[in-house]
Amino acid sequence: MISLLAAVVLGAQAKVRLPHVLGDNMVLQQQSDARLWGWAKAGRTVKVTVSWSKDVYTAKAGSDGRWLLTVKTPAASYDPLTITFDDGDKVTLKNVLSGEVWVCAGQSNMEMPVKGFGNCPVEGYNDEVVNARTYRGIHYVKIPSIMRMEPQEDADCHWEEVSPQTVGEASATGYFFAQVVNKALDVPVGLIMANKGGSRVESWLTKENLEKYTKEPTDSAGIVAFKPEWDYHRAMLWGNGTFNPILKYTVKGILYYQGCSNVGDPGDQYSERMALLVKQWREQFALGQIPFYFVEIAPYFYDDVNGDWGARLREQQYKASKIIPNSGLVCTNDLVYPYETTQIHPAQKRGVGRRLAFLALNKTYGMDKVGCMSPSFKDMRIVGDTIHIHLANDLGAISRFEDIQGFEVAGDDKVFHPAKAEHFWQPGGGYWDETIRITCPEVAKPVAVRYCFKNFQLGNLKNAAGLPLFPFRTDNW
């Protein structure tokens with residue numbers, strides 16, 4: 001509809017038209033061939049000049065009025081830039097910055113703004129308002145969450161410069177990510193917020209991928225006939241309306257926080273579709289294997305704190321992190337308060353954003369001294385009534401020797417019991433082997449161990465960087 005309207009308008013006037021995502025206050029990806037695009041009268045030549053160089057860029061509008069070109073962007077700077085588009089009638093964008101641009105995608109925990117949702121506060125809101133001017137050059141644009149049958153080329157949006165007046169509307173997770181990157185690299189950061197609360201992974205897949213890999217309806221009749229409990233569970237439509245308008249924008253990478261609406265998916269379906277979605281987005285952005293950093297769903301009761309369907313989705317997210325190239329997963333097991341059992345939107349978003357930033361600083365920006373990986377289960381050995389486990393990515397230390405919480409063991413009866421876990425130096429092989437020793441009086445012959453493998457269970461084991469152990473299980477029951 002927007003594209004059709006653009007064609008009608010352009011038939012009546014010559015002035016070049018830009019998509020809304022190209023506007024005042026935007027952030028361009030630094031030192032890149034950044035794409036600029038829009039519409040003009042068919043056959044008209046669009047000339048683009050930029051304030052940072054004498055280069056002149058041109059493109060000719062096709063028969064449909066569309067044009068696209070790339071401009072070489074400068075190194076990151078807080079100096080405001082301008083871009084002028086001229087097809088006989090000039091349009092100039094002002095207060096443009098060059099910096100690092102990241103997409104904030106997913107569902108409501110990514111959408112959740114610094115000011116919070118109703119009855120869902122974000123910890124530290126007032127401090128962020130007061131301190132907003134401490135961070136120079138953080139800008140954001142929020143893409144409206146809309147459903148469309150066909151992929152949209154434009155969305156009604158505009159870039160905001162973070163200030164005490166605007167910070168409250170920014171994605172909290174995205175903003176806390178931007179704070180760390182801004183301070184560590186001393187560069188402007190642009191956030192493109194393209195997300196929808198409650199959306200499933202299928203909500204962002206294209207019609208072609210849905211038809212090839214799923215049984216989701218993709219035609220209008222099928223979509224109308226299919227009546228999920230909530231509209232935000234619908235497949236394809238959110239990607240068409242909310243994500244497609246940003247696919248020509250030149251970005252550094254994608255941050256993703258989603259999964260709650262896929263809890264209960266069978267087998268490896270979620271991890272496979274996550275990998276499919278990342279492959280799709282990378283192909284659509286056409287920027288190579290751009291980094292993809294995503295967030296484990298937080299502990300939540302899902303109607304039964306002792307159930308494990310939430311844990312199984314987290315397990316699928318961990319599997320996805322192993323099969324998606326150039327990706328990383330943030331563990332959130334410790335970022336929920338004990339009283340948030342029934343809170344689907346935990347208040348501690350600062351930790352989530354910071355951990356995403358640690359991944360980016362280490363893996364994308366080469367700051368290898370930043371610890372970014374949570375510890376994970378490596379292997380185990382059973383010695384009589386005791387299980388010894390080793391961890392990967394402990395970064396040279398674990399957070400505690402005593403009072404380790406979150407472990408359970410089971411015997412052949414497959415019944416799990418709370419277990420005692422402690423740091424243990426085990427002699428062997430000519431050296432002292434550092435392990436976690438796990439025992440349980442109720443299980444004389446243990447065969448399996450689990451850590452925080454429930455819908456809502458909080459552990460306390462962390463590595464030298466203060467990052468929590470990923471929930472895991474050694475069984476396949």
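1. How many bridges join β6 to strand β7 (residues 90-106), and in which sense do the two strands run? In this predicted model, β6 and β7 run antiparallel and are joined by six bridges. Within this pairing, Ser77 stands opposite Ser98 in β7. Three residues lie between the strands of the β6 and β7 hairpin, where Gly88 takes a positive phi near 115 degrees.

2. Strand β6 (residues 77-86) also pairs with strand β3 (residues 45-50). These two strands run antiparallel as well, with four bridges between them. One of the facing positions is Thr49, whose bridge partner in β6 is Thr84.

3. Confidence deserves a remark before further detail is read. The average pLDDT of the chain is 94, and 96% of the residues score at least 70. Over residues 1-12, however, the pLDDT is below 50, and this stretch has 11 contacts in the model beyond near neighbours in sequence. Where pLDDT is low, predicted coordinates should not be read in detail.

4. A separate point concerns an open sheet of four strands, in the order β17-β16-β20-β21 and with antiparallel pairing. Its edges are β17 (416-418) and β21 (472-473); each has a single partner strand, so one side of each is left without a neighbour in the sheet. Two bridges pair β21 with strand β20 (residues 448-451) in the antiparallel sense. Arg450 stands opposite Arg473 in β21.

5. Aromatic pairs number 24 in the model. One of them is formed by Trp67 and Phe85, which are tilted, with 6.0 Å centre to centre and 45 degrees between the planes. Trp67 belongs to strand β5 (residues 66-72) and Phe85 to strand β6, so the pair ties together parts that are 18 residues apart in sequence. Both Trp67 and Phe85 are buried.

6. Phe416 and Trp477 form another tilted aromatic pair, at 5.6 Å centre to centre and with 55 degrees between the planes. This pair links distant parts of the chain, 61 residues apart: Phe416 is in strand β17, and Trp477 is in the segment after β21. Are the two residues buried or partly exposed? Phe416 counts as buried because its relative accessibility is 18%, under the 20% cut-off. Trp477 is partly exposed, with a relative accessible area of 30%.

7. Ring pairs also build a cluster, which links Trp204, Phe243, Tyr256, Trp281, Phe285, Phe292 and Phe294.

8. Two arginines are placed over aromatic rings. Arg17 lies over the face of Trp39, 4.3 Å from the ring centre. The charged end of Arg437 sits over the ring of Phe424, at 4.0 Å from its centre.

9. The last point concerns a loop residue. Thr218 is found between α5 (207-213) and α6 (220-225). Is Thr218 buried or exposed? Thr218 counts as buried because its relative accessibility is 6%. Its side chain makes a polar contact of 2.7 Å with the side chain of Glu211. Leaving aside neighbours within four places in sequence, Thr218 is in contact with Met149, Lys207, Leu210, Glu211, Ile223 and Met236.

Definitions and conventions. Residues are numbered from 1 along each chain as its sequence is written. This is a predicted model: local features need pLDDT of at least 70, side-chain atom pairs count only at pLDDT 80 or more; totals for chains, interfaces and linings use all residues. Side-chain values use heavy atoms; hydrogens and water are left out. Two strands pair if DSSP finds at least two bridges between them. Buried means under 20% relative accessible area, exposed over 50%, partly exposed in between (1.4 Å probe, protein chains only). A polar contact is a pair of N or O atoms within 3.5 Å; within protein, one must be able to donate a hydrogen and the other to accept it, and residues adjacent in sequence count only if both atoms are side-chain atoms. Contact means heavy atoms within 4.5 Å. pLDDT is the predictor's confidence in each residue, from 0 to 100. Rings of Phe, Tyr and Trp (its six-membered ring) pair if their centres lie within 6.5 Å; planes under 30 degrees apart count as stacked, over 60 as edge-to-face and the rest as tilted. A charge sits over a ring if NZ of Lys or CZ of Arg is within 6 Å of the ring centre and within 35 degrees of the ring normal.
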